[in-house]
Amino acid sequence: MSAKPENSTGDRELLQTSELPMTADAILSDFTHYFGRLLGRRTIQNDSPFLYQAVVYAARDRLMERWNKTRNAAQANDVRRCAYLSLEFLMGRLLRNALINLGIDDETTEALDRLGLDLEKVCERERDTGLGNGGLGRLAACFLDSCATLRLPVTGYGIRYRYGMFHQRIENGYQVEKADSWLREGFPWEIERIEFAQTIHFGGRSDVAMDANGRTRHVWVDTHDVLAIPYDIPVPGFENDIVNTLRLWSAAAREEFDLEEFNAGSYADSVASKNAAENITMVLYPNATTENGQELRLRQQYFLASASLQDMIRNWRKRKGDDFAEFSAKNCFQLNDTHPAVAVAELMRLLIDVHGLGWDEAWNITRSTMAYTNHTLLPEALESWPVAMFRRLLPRLLDIIYEINARFIAEIGQRWPGDNERIRRMSLIQEGPEPMIRMAYLAIVGSYSINGVAELHSRLLREGLFRDFAELWPGRFNNKTNGVTQRRWLAACNPDLADLIGEKIGDGWKVELDQLRGIARYADDPGFQSRWRDVKSANKQRLADDIEQRTGLGVSTDMMFDVQVKRIHEYKRQLLNMLHAIHLYDRIRRGDGGDPVPRLIVIGGKAAPGYVTAKAIIKCINNVARVINADPAMEGKLRLVFYPDYNVSAMEKICPAADLSEQISTAGKEASGTGNMKFMMNGAITIGTLDGANVEIREAVGDENFFLFGNTVEEIEALRGNYDPQAVIDADPDFRRVMDLLSSGHFNHFEPGIFDAIIQSVREPADPWMTAADFRSFVDAQERAGQTYRDQATWTRMSILNTARSGRFSTDRTMRDYNDDIWHLEPIPEV
């Protein structure tokens, strides 16, 4: 290895020798080197975390070569870049995905087999990188995988939370949260880049001063500063030698330890600055039901935005100096939901206060580089912060937001003179006893593109939530339907099915998912159907074993596996699923309706720690499950299980095993959903409402291969103000018996009254989720699903066609759409 001449940035680079071999022999040699020499181990134990770490180091060496070449190629060709800002990245386990994308999964399996080791068991030693709460974070992870596979120069920016999404334990039916110490055994994937640390300001005050040229300029003074330390994680593309970067920021104090305070005996005070700084990146989503929790969330959002923007500007100045004339031509920022919306004001601050640009030039750059993705139709999830909190934490940004708002209001006034009501609706500041900053509106005003994540969702944004803005700027609004990466969600998590598909149509679907259409021609082939069922049966057995290990409940794989796993929220209607389980229980107990198809209902997900109703729903489900599963009459006919501690790795076992995919949110409430796509890709059949991406899934697969139920968006709206759920219950004998069982205390004999609030929510005319309104339609659709499942040839045909028609739901397609319509990036050249 020798030194190369200086490159265009003045850095001297090391010349690499030839690339490391990708053979089993070479991998085995590197594994034993790291296991013995770096980790200092002499004996092999199957459950040792050091086996996993040694495999990671061997893989990471090969990633590192490609990582450096990718960065060099992007820099040498001066490519346009995109920064993807997201408060969540739910990466899950990384090892298997990295081996598959490097093309060395088989070679690594062979290398470990020579030592009597099982790669699958080694991979299970990896802790989930749970830096996300649900679909938003998992989507971000899929996006990065697809961007690397498509050779797009996209860098992910997030937060390196010390504790990720909590571990969930179920105690007496209740959710109990335990800290997720995912860094306890180290994280061998990451590279600390202390040289790129950034300083983040909080507090202080905004002032005016004269610069060296006698011009008045704003300054932010008397601030309390923290450091943002970046940690880089490689994101490999599929067999293309491209490795992009996920950069996660960790907070640290500028002065970690006050020796004078310590020597004076003030031990807590001596590390107060360290603790205060580190709290910013301590926990994903602190409980926002308190003012301190709200303040910490705002700190997190600004910390992410400021560090990431400063990093992009640092990179720009290293290559281009202080000339920002082409900055917007070479950079763009994608805001993943409203959490990073403060980036609009922060980019203005950096360009004006730090780099000396005028307002108009800075605003043109900001509006030409920022793009906003909205992920929710729930108004309460659109991030509004008290002006008083902003003034205390981010006073300079508050000045900028007020200036943006004043100019925006003038723009509204020019378009609609005298329309003060419209100005009130669209203002970035919501007036009232406690004025609030509407962060979603800030993102819209400061962005050149605003997109929803499913066709229905995007239409509802334009016609409802953001209607005023869509009327002002119709060209900025667009749709980008979500997807998932087939490399993880089919090839990696369902290898037997991937092999069966590959036998028939080859492996091209791993990069062009539309090629799965080729298996449709085998949908009626009895031999192929039989093998398809064999794969499903084996996957169901793996999940059954996992359920028994986690809960102690044994289940039969002859049952229909009816699955709903996702974040616990009222709009996702786990409660409706539970009501159906009670209905089945009641029918079996009464001997009514013949012999229903044997069914295992699996419900899993986590409730936010401060979400009281969602946690009560978990308790209710567990109580109902306890009664059902203890009843001898239910043996072989009905089982209900709450799957504890649901995460990415759990989903990798669950989605290959599911027969029926529950996507039952109230129409008009789910933005898109991505679990629906994972289940579809693995051959599960959807039972769902016309909500989110369900609409497009049904269009793709055909209504004959989808179990539709429920009121539409329009019907839901027509019901509001005229909704009488008690009348619905009284008119339906099945529903009345279900509610009577709940109300009688049958599921909570020794805990009287604990479910009263849940029962009342179903009967409440103001129930926004319309649970009672969809009960009968849901029960009828479930009956159709059960009868269809009895005909295994028909069911298998439907399953095959669901997989075959899942092509449009790859994030590869999603990322192409983002790039074609929003980012306009050129692929990184061959390296």
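## Salt bridges and packing in a predicted model

Arginine 467 is partly exposed, with a relative accessible area of 48%. Buried here means under 20% relative accessible area and exposed over 50%, with partly exposed in between (1.4 Å probe, protein chains only). The structure is a predicted model, in which local features need pLDDT of at least 70 and side-chain atom pairs count only at pLDDT 80 or more, while totals for chains, interfaces and linings use all residues. Residues are numbered from 1 along each chain as its sequence is written, and side-chain values use heavy atoms, with hydrogens and water left out.

**Salt bridges**

The side chain of arginine 467 meets that of glutamate 471 in a salt bridge, a term for a side-chain nitrogen of Lys or Arg within 4 Å of a carboxyl oxygen of Asp or Glu. Both residues belong to helix H19 (residues 467-472), and because they lie four residues apart, about one helical turn separates them. Helices (H or I, at least four residues) and strands (E, at least two) are DSSP runs, numbered from the N terminus. Glutamate 471 is partly exposed as well, at 30%.

In total, the structure holds 74 salt bridges.

| Pair | Closest N to O |
|---|---|
| Arginine 247 and aspartate 311 | 2.8 Å |
| Aspartate 732 and arginine 776 | 2.9 Å |

Arginine 247 is buried, with 7% relative accessible area, and aspartate 311 is buried at 2%.

Aspartate 732 and arginine 776 form a salt bridge that also links distant parts of the chain, 44 residues apart: aspartate 732 is in the loop between helix H29 (725-730) and H30, and arginine 776 is in helix H32 (residues 775-790). Aspartate 732 is buried at 9%, whereas arginine 776 is partly exposed at 28%. Both take part in a network of salt bridges that also includes Asp586, Arg590, Asp592, Asp734, Arg737 and Asp780.

**Helices H23 and H30**

Helix H23 (residues 574-590) packs against helix H30 (residues 733-743) at an angle of about 100°, the axes being 9 Å apart. This makes the two helices roughly perpendicular, a word for angles of 65 to 115 degrees. Axes are lines fitted to C-alpha atoms, for helices over the stretch in contact, and angles run from 0 to 180 degrees between N-to-C directions. Among the residues that meet are Met578, Asp586 and Arg590 in H23, and Asp734, Phe735 and Arg737 in H30.

**A hairpin and a buried asparagine**

Strands S7 (residues 167-171) and S8 (residues 174-178) pair in the antiparallel sense over five bridges, where pairing requires at least two DSSP bridges. The strands form a hairpin with two residues between them, and asparagine 172 in the turn has a positive phi of about 55°. Glutamate 171 stands opposite tyrosine 174 in S8.

Asparagine 676 is found in helix H26 (residues 675-681) and is buried, at 1% relative accessible area. Beyond its neighbours within four places in sequence, asparagine 676 is in contact with Ser661, Gln663, Ala693, Asn694 and Ile697, contact meaning heavy atoms within 4.5 Å. The C-alpha atoms of asparagine 676 and serine 661 are 6.8 Å apart, although the two residues are 15 residues apart along the chain.

Note on methods: Parallel < 35°, antiparallel > 145°, perpendicular 65-115°, else oblique.
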